[in-house]
Amino acid sequence: MVNGGLLAALADLVLPRACAGCGVPGRILCPRCAELLAVPRLATPRRFPWGFPPTAAAGAYSGPVRPAVNAFKEQGRTELARPLGAALALAVAAVVSATAPGGPVLLVPVPSSAAALRSRGRDHVGELTRRAVVELRTAGLAAGEARLLRRRGRVRDSAGLSAAARRANLAGSFELEAAVRPVPGALLVLVDDVVTSGATLTEAAAALSGGRRPGDPPVLAAVVAATPRRPSGDSSRGDLHVVPQRPEIVHQDPFGRLSGRWVKD
């Protein structure tokens, strides 16, 4: 049986390439669509769940970004791992720059459910994580991957659930991998493809924080895209400064080699 990744590769040989975002022929992600994932922003769920980690998104999960992410995630267009992984690296760099880390940065992929892995035949978040690590190391940031979390139990499909119902559905669904421990003092950055209600990142961050020691830096998060929650006319801009209790907005240049300005979206 031919897997989805091989089918996508064969299709590339036969069919002309088209942008996964807007459909324009020529590239897997055209420059105009790629620019939409090049301005890191603070992810702002409509109602911040208690414990939601300071989270950066490379772009808004709307317009051409939505079909591009879904093409990679659900349609087996694995070639998008490179541009979307680079976008994830931008988000990681921006949120990390606000903390001035003194130790290594470990990217912790949010594990997919067993059902999702069976359905897709691949670990798409793991693919994005590995690509982001390559980008960050190339830019000079000491980054690595750490699979510190695993799923436990079963959760129902979250489609159509309210934010509160999503949180209840995911409660206790993550736990630390017993055999793996992070480097002491390392900065942990949860990574995922998209944040919507914030329930998944909140539960994953709670599980990670349970294994931290007093004085360790707070758990952060970064995603490729975040569902926009504010009116598009909101033009307020700024950069993220992370403190142990809550994110605050300050004006400073985050990791200039990789990222641009934060946009409160």
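Biologist: What does Glu 175 count as, going by relative accessibility?
Modeller: Partly exposed, at 22%. With a 1.4 Å probe and protein chains only, under 20% relative accessible area is buried, over 50% is exposed, and partly exposed is in between. This is a predicted model, where local features need pLDDT of at least 70 and side-chain atom pairs count only at pLDDT 80 or more, while totals for chains, interfaces and linings use all residues. Residues are numbered from 1 along each chain as its sequence is written, and side-chain values use heavy atoms, leaving out hydrogens and water.

Biologist: OK, which side chain does Glu 175 meet in a salt bridge?
Modeller: Arg 150, at 2.8 Å from N to O. A salt bridge here is a side-chain nitrogen of Lys or Arg within 4 Å of a carboxyl oxygen of Asp or Glu. Arg 150 sits in strand 5 and Glu 175 in strand 6, so the pair ties together parts 25 residues apart in sequence. Strands are DSSP runs of E, at least two residues; helices are H or I, at least four; both are numbered from the N terminus.

Biologist: And Arg 150, what's its relative accessible area?
Modeller: 34%, so Arg 150 is partly exposed too.

Biologist: How many salt bridges does the structure hold?
Modeller: Nine. One of them joins Asp 193 and Lys 73, at 3.2 Å. Asp 193 is in strand 7 and Lys 73 in helix 3, so that pair links parts 120 residues apart in sequence.

Biologist: Is Asp 193 buried or exposed?
Modeller: Buried, with a relative accessible area of 4%.

Biologist: New topic: how many helices and strands does the protein have?
Modeller: Eight helices and eleven strands.
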